[in-house]
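Biologist: Please show me the model, and then let me ask how its labels were assigned.

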Amino acid sequence: MGIEAVNNRIADIQSRIIALQTQQAAKASPASSASSTTSAPSASGASFASALADAMDTQATASTAAADKTYKLNGKGIPVELAAYGNGKIPASALEKVGTTGHKLWAPAAESLNRMIADAEAQGVHIGITDSYRSYGEQVDVARRKGLYSQGGLAAKPGTSEHGWGMATDLDLNSKAQAWMRSHASEYGFHENVPREPWHWAFKP
């Protein structure tokens, strides 16, 4: 379950609680005692707190499950489900947004990155993002503009890029954020694996 799905569930729970409160108010008689009048909102408040706690537990469980889930990998360390699509040919249904940005990654990678960015922010560390999934055509364009890594440039050969699997992201990091990433990124499955590119972090399921 993705973060967006969990948020939708929380909104649904809130809507149901409001509807329940409205029904209780309609059924209450004008002659009800003051104690009866005040007890209903208290019960509703307890119900809301319980429902919200359940929803948050579901979100935490979903995040943990995403982090702990294992994937069958091919000989190159690529999840079989992604390898079946082809590098740079990942369908939109297998991708997920990174926060409110226009960037997308393979869904498990996006969920883990979103969690990492939120945790870092809570500790006063800002992590920005400048690049994510690249289609094959985008890889060709980047190779043309930046040159191939094997020839001293900054781009992988089109069709081989980690970006093409939706498993790599380029981050905007100041020195504090870079230090935080090097200490904590592996807890979220991300690794700094390109020597000349300290901004490049790959997700390893």
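This is a predicted model: local features need pLDDT of at least 70, side-chain atom pairs count only at pLDDT 80 or more; totals for chains, interfaces and linings use all residues.

Modeller: Residues are numbered from 1 along each chain as its sequence is written, and side-chain values use heavy atoms, with hydrogens and water left out.

Biologist: Why is asparagine 114 called buried?

Modeller: Buried means under 20% relative accessible area, with a 1.4 Å probe and protein chains only. Asparagine 114 has 18% relative accessibility, so the residue counts as buried. Across the chain, buried residues make up 38% of the 205 residues.

Biologist: Where is asparagine 114 found, and which residues does asparagine 114 touch, not counting those up to four places away in sequence?

Modeller: Asparagine 114 is in helix α4, residues 107-122; a helix is a DSSP run of H or I with at least four residues. With contact meaning heavy atoms within 4.5 Å, asparagine 114 touches Glu96, Lys97, Val98 and Gly99.

Biologist: What makes arginine 196 lie over the face of tyrosine 149?

Modeller: The rule asks for NZ of Lys or CZ of Arg within 6 Å of the ring centre and within 35 degrees of the ring normal. Arginine 196 lies over the face of tyrosine 149 at 3.8 Å from the ring centre.

Biologist: What links Tyr71, Trp106, Phe190 and Phe203 into a cluster?

Modeller: Ring pairs do. Rings of Phe, Tyr and Trp (its six-membered ring) pair if their centres lie within 6.5 Å. By this rule the count is four aromatic pairs.

How values were computed
Buried means under 20% relative accessible area, exposed over 50%, partly exposed in between (1.4 Å probe, protein chains only). Helices (H or I, at least four residues) and strands (E, at least two) are DSSP runs, numbered from the N terminus. Rings of Phe, Tyr and Trp (its six-membered ring) pair if their centres lie within 6.5 Å; planes under 30 degrees apart count as stacked, over 60 as edge-to-face and the rest as tilted.
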